[in-house]
Structure formats: structure tokens, C-alpha cells
Amino acid sequence: MHGSVVAMDRVTKRFTGHTAVDALSLEVPAGMIYGLLGPNGAGKTTAIRMIMNILIPDEGSVSLFGTAGTGRDYSARIGFLPEERGLYPKMRVLDVLVFLAEAKGVDRRIARARGQEWLERLGLGDWSLRRVADLSKGMQQKVQFISTVLHDPDLVVLDEPFSGLDPVNTQVMKDTVLDLRRRGKTILFSTHIMEHAEKLCDQLCIIARGRKLVDGTPAAVTLAHGGRHVTVAFEAPPPEAASQVFADRTLVVGVQDYGRYAELELAEGSDPQEILRRLVAGGARLSRFDIAGPSLHKVFVDLVGPDAARAEAVGGRVADA
Amino acid sequence: MRKVWAVVRREFVERVRTRAMWISAVLGPVFFAAMIFLPLLLAGGGHKTIVVVDATTTAFGERVARGLQGANFTVARVASRPGVLDSLTVEVSDGRLDGFLLISDSLLEAGAAEYRASNVSSFTTIERLERGLQQIAVRARLEREGVDPAVVGRAQLRMDLSTKKIARGRTVEESAGQSFSLAYFMGIILYIAITLYGVNVMNSVLEEKTTRIVEVLISSLRPAQLMAGKLLGVGAVSLLQFVIWGVSAGLMLGHRASIAARLGMPGEVSVFEVPDVTLATGVVFLVYFLGGFFLYSAMFAAVGAISSSEQEARQAQVPVTLLLLVSFMGMFSMLNDPDSTFAVTLSIVPFTSPIAMPVRWAAGSLPLSEVVLSVATLVVGIIVVTAVAARIYRVGILMTGKRPALREVIRWVGRA
């Protein structure tokens, strides 16, 4: 699959009194894990609801799989885990899974077989005939996750997939997401926990108050927003080539050289990989090469800090809308 | 279409699995059996063995005993003496005797007598006794005045007024009581069933909304598909319920005599007049039930969609229930005069016709043109109301927080 699976083009959504999503454009490439990051009330859920065709944009357009079709037209190819979880409490676990798959157009018998398979896989095999209400919250979350992937969708949209999960289930969720990517699926997920995003995402987009602040790969984003330090340590006294590299003002603007250890401040737009390549080519043996850029977390807080504080106040309403 | 079918199936299967469904499936026939057999039980009737305790000073006592003896009573006569009442009372309580009649000279003079029995609420028996005693006393008094007994015999006549209903150009054997009870019964059942299943639809909408599962559903199906599936699914459950009730009632009516006999009740005596339910009446009932169900369930679905808790829904449903209540309350006046302007209007306005029309149909004759007009307005009403309700539903199910003001809901309807 080529091109982008999801493309939002200057999408705007207003609710009475405020703009939840403001001229947001983003592209989710096929086969990648894409993170939509933002503080509470940033418009993540509204954006996802527009992708899912639950809400209609006031302006702009959303296209899926490179066509003009809406989320509902492609419901068989899309799995959706909404922010607010919920299942029919009185129904039996397997029946819920079968019904939700049927609503996406999967044949009943196939849905039944796959549902049982997934339940076994996530350790809920014995619970398939129990009522949903009898399950613990964590189990219900698993069941709901199964319902998003049961029909083997090409695109999986997860709104805050890790919220409310314990560490064990968080790991299960991460593994399953990574497995989905291995099988060529595209995953779009939203979160406000940067640690998840940094480790999982191939690409990400940070939004606040409905606007895009930055997007790109995690490395590019941290690099572009203050990822300007590299720490180098040598096994043996560094060769002559090292000082030449450190003196190259296109790469490094500042050096604190301690002999076998140096801290470099990188030049605007320079690539730390280039420094590493030239050091190795120059015969240096490195014991450490650390792009000591600020974490995504720091970038995020720097970028959305003031906004986050303000958005918090209206967060509830945005999530509701 | 397959997606709608999935919704229909879920609504149907999950509802049929509930205990409430089977409780009402069983309670319906129980209620029906009570309606049929309780009057039989109370009416009693049948052949009774009684004793006449004769305290008269003439031969009149003997005449009474002879006169009552026949198809309905086996009569023995004993002279009144101390202790006889006590022993007869024992006989009655032991069930060897149905009752005893105390007569004295005052029967002939003042028309007074006393009947003691284990069951004195059996008005058939009482009526027969009274009528028999009256005949004998009147005859004796006339003879005492010198009237020829033969003349007296010829002069006595038992009046029996039989009523027949003229329905749809034909005269049918149906008493006023039957028409009334059929119309009344249909009105109540329709009112209860439309409310019951409408509230079912409302709760189903509300459940999906409060559990937020509706978001997943709406990303797979159009809101109209979801709502249609819901109405059809719950509608199918209601039909199943009616089939269960109808079949059990039919069986009970068909085998009434043998069931009654097995229960030791006189089966041939029918005080409760069972109305003759024709196929046409059944069709009218079902058509208007389904019409009323779709009309009101669409409204109930909209109510569920704009509410976010059961308490809110209970409040918001009041206007809808009141609307249905109008036709239910109107039923009593309609039964009095099925052809009044009031009754005709109610049976043509779509919001009241689902109850009003079947009631009028059962109570009297109706011109075909009125039935056609009523069905036509009902169909138009369903189309319009469902379209409006679907728009409210579409916006409402995704909304949380405070219930919207009426003005806001109207704005949703106006939106394309």
C-alpha cells in the first residue's frame, strides 16, 4: 500500500462557544504507528471522531485509503477503540464480539471462530459465555480491544488505548500494537503520555487547542525542538580526526572537551549521525555516543505548556462534544 | 441490509433471553385463564341438591318442593323442627348437600324465604331459585283468588331478550356485553403493549448511549440503520409475545369445556360471554398495534436519544405517554357512542388511531372508507414521525451532558 491511509486536509470543527479542531492537516502513512499527541482537551478525540465519520467537519476534508469515502464506508477495514469504553453489560462476551463484527459486515460464523481465538490469545478463553458485567474492568478493556481488531482491519484507530490499563496489560497492548504493524497494518493512536509515544510511534503529531504544533518522526521532532547536545566518550585517547570534527562549525557550535570525554552543542540543522560517521571513519573507538536531546516529554511540555494549562479548564467539554 | 439484520437479531435474541419476556409470556395466559374461568367458578350454576325446610302451616311447602324439582334441582322436603337446621348445616359443610331453603307462610304472603348454602355468590343458582319460587307463589296466589290454573299457566311467560349486532352490513350473533368486553379488552391490551414495547426501545437506545457503545456502532452503521434495526427487533419480540398469548388464549377458549370439567366446574354455563374474535378483527388489531408501535417507538427512541440517564428519560417520556393516554381515556366515551364526532376524530388522527380505531371496530360497525382513511393517515404519520425522530436520534445519541432544550431539539430536526 502506498500513500497515506488517513489524510486530513485543513479540517475544522466548531462547537458552540469554541473551536475544537482548527484547520488541522495530517497524513498517516501506510504501515506505520502514528501518534496523535496533545494535552487533555486538545481536540484529539474530536479529530478521531471526524476520521471515524462520527462527526462531520465544518470545513476541510478527511480522506481514507486515498479516496473520498467516509469511515462508515470502510468500516470493514477500520477498527476503532473509542476513548470512552463500553460494552453491553448484559450480553455474553462472545455474543458482543460477534455482534460488533457483524455490524462491520463480517460473517457470523467467521466472527464467532475468530472471537474465540482472540479470547484464548488474551487469556479470556474461559469467559466467552459469561456476561460482560461479570468481567473485571481490565478484562472488559481487553474484550473491547478484541472487538476493534477482530475483523482484521487495515487501519486501527485507538483513542487513548493505554488509559486505565495496569502495567501488565499495557505491555500486552503494546505488543499487540507492534504485532499489528508487523503484519502491515496502520495504527493511529492518541495519547497524552509521551513515554508511550516515544517508544511506539514511527511518526507523530502534537496538537494543542485544535492546532497542529509539530509533526514528523520522534527523532526529528526532538531534534527540531532543542535536541542539540551529543555526549561522546572514547575508549582510548581520541585521534586527530576527532578535533577536526569538533572544529567543523557546520556541525558543532560549541565543545567542552575533557580529552576522553566531550559534550558537543550541535549546529542548527546538523545531523548527529554525520558526526558519528566521521568520528568512526577517523579511527575513533567510541564507548558512548549519546544524543542527549531533550525527551519528547520535555518538547511536549515546552510546546504546549501554556496551552495545556488553559485547555485543561475546558477539557471535559471537548471530550464530551 | 446485513448490518440492519445484525441489529434486529441482537435486539430480538437478547430480549427473548430475558426473564421478563418469559414471565409476561406465562402471566398473559394466566391472566386470560382467570378471565375465562373465574366467572365460571363464581357463577357456579349446574345441578344442585337442596332441602326445603318446610315451616308452612299449609300444603304450600310440598308444592314448592315439587315445583323446584327438575333439571336444575334435586329437592327433598323436611318438616321444620328443632335441631334440623344444625344437622343440615353439617350436611352442607361436609359437601353432601349444596344448600337448604327455609320457607314459611310468609313466602306466600310477603315473598320472603331464606337460602343457606356453602356458595351463595353463584348468581345463576340464586336467580333460578328466585324465579322458581316466584312462579310457584304467583300461581298459588292467583289460584287463591279463583283464577283457573290453566289460565295461569298460559298467562305466564318467560322473557328472553336476545341482542344481535349489526356489523358491516351483516347481523351477527353478538351481545352488547360481548362487543363491549372485546373493545375494552383490545383497548387495554393495545395501550399496555404499545407503552411497554416503546419503553423497551427507549431503554435500548439509552443503554447504548450510556455505555458509549453507540460510538462504535455509529462508525459502522448509519444512525437510521441502527434505529430501524432496533424498531424491527423489538417489534418482532412483541409479535412473538402476541403469538404466544394468542395461541394460548385460543387453546384455552377452544378447550374451555373440557378444562372446566377437569377442574370440576360446570363448563357449559358461560356467564362471561366470550366474544367471537373474527380473523378480520385479529388483522385490524395487529395492523394497528404495529402501526402504533412504530409510531410511538420512534418517539420513544428520540426520547432515549436526548436523555442521558434513566431518570431524565422518565421525565422526557411524559409527553409521549400522555399522547397515548388521550386515546386510552377517550375509549370509555367511544364505547358509549362509537360514531360520535369525537370518536371518529380520534380514530383518524394518527397519534390516537392505533387505540381508537380497533376499539371502534370492535364496538360497532364502521364504513370501509373510514378504515381506509385511518390507515392512510397512520402510514403518513409513521413516515413523518419516524423521519423527525431519526433526526433527533442521529444528533442525540452522540451527545452527552445536559438534556437539550426543546428549541435545540427542534433545530436538529431542521438540520439536513
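Reader: Which residues of helix H3 (residues 60–68) of chain B are buried?

Author: Please note that the model is a predicted one. A residue counts as buried when its relative accessible area is under 20%. In helix H3 of chain B, the buried residues are B:Phe60, B:Gly61, B:Val64, B:Ala65 and B:Leu68. These residues lie on the same side of H3(B), because the arc they cover around the axis is only 145 degrees.

Reader: Is A:Ser75 buried or exposed?

Author: The cut-off for a buried residue is again under 20% relative accessible area. A:Ser75 therefore counts as buried, as its relative accessibility is 3%. This serine is found in the loop between strand S4 (59–64) and strand S5 (78–81) of chain A.

Reader: With which residues is A:Ser75 in contact, leaving aside its neighbours within four places in sequence?

Author: The contacts come from both chains: A:Lys104 and A:His151 in chain A, and B:Lys3, B:Ser219 and B:Ser220 in chain B. With B:Lys3 there is a polar contact between the two side chains, at 3.0 Å.

Reader: How many strands does the open sheet with the order S11-S12-S10-S13 (chain A) have?

Author: The general idea is that strands of a sheet pair through backbone hydrogen bonds, either parallel or antiparallel. The open sheet of chain A has four strands, and their pairing is antiparallel. Strand S11 (252–257) and strand S13 (286–291) of chain A are the edge strands, each pairing on one side only. On average, neighbouring strands of this sheet are turned by 15 degrees against each other, direction ignored.

Reader: How many bridges join strand S10 of chain A to strand S12 of chain A?

Author: Five bridges join S10 (residues 229–234) to S12 (residues 261–266), and the two strands of chain A run antiparallel. As one instance, A:Ala233 has A:Tyr261 in S12(A) as its bridge partner.

Reader: Which strands does helix H9 (residues 272–281) of chain A lie across?

Author: Helix H9 lies across S10, S11, S12 and S13 of chain A and runs at about 170 degrees to S13(A). Helix H8 (residues 240–247) of chain A lies across S10, S11 and S12, at about 135 degrees to S11(A).

Technical notes: Residues are numbered from 1 along each chain as its sequence is written. Chains are lettered from A and ligands numbered from 1 in the order in which they are written. This is a predicted model: local features need pLDDT of at least 70, side-chain atom pairs count only at pLDDT 80 or more; totals for chains, interfaces and linings use all residues. Side-chain values use heavy atoms; hydrogens and water are left out. Two strands pair if DSSP finds at least two bridges between them. Axes are lines fitted to C-alpha atoms, for helices over the stretch in contact, and angles run from 0 to 180 degrees between N-to-C directions. Contact means heavy atoms within 4.5 Å. Buried means under 20% relative accessible area, exposed over 50%, partly exposed in between (1.4 Å probe, protein chains only). A polar contact is a pair of N or O atoms within 3.5 Å; within protein, one must be able to donate a hydrogen and the other to accept it, and residues adjacent in sequence count only if both atoms are side-chain atoms. The arc is that of the directions from the helix axis to the C-beta atoms.
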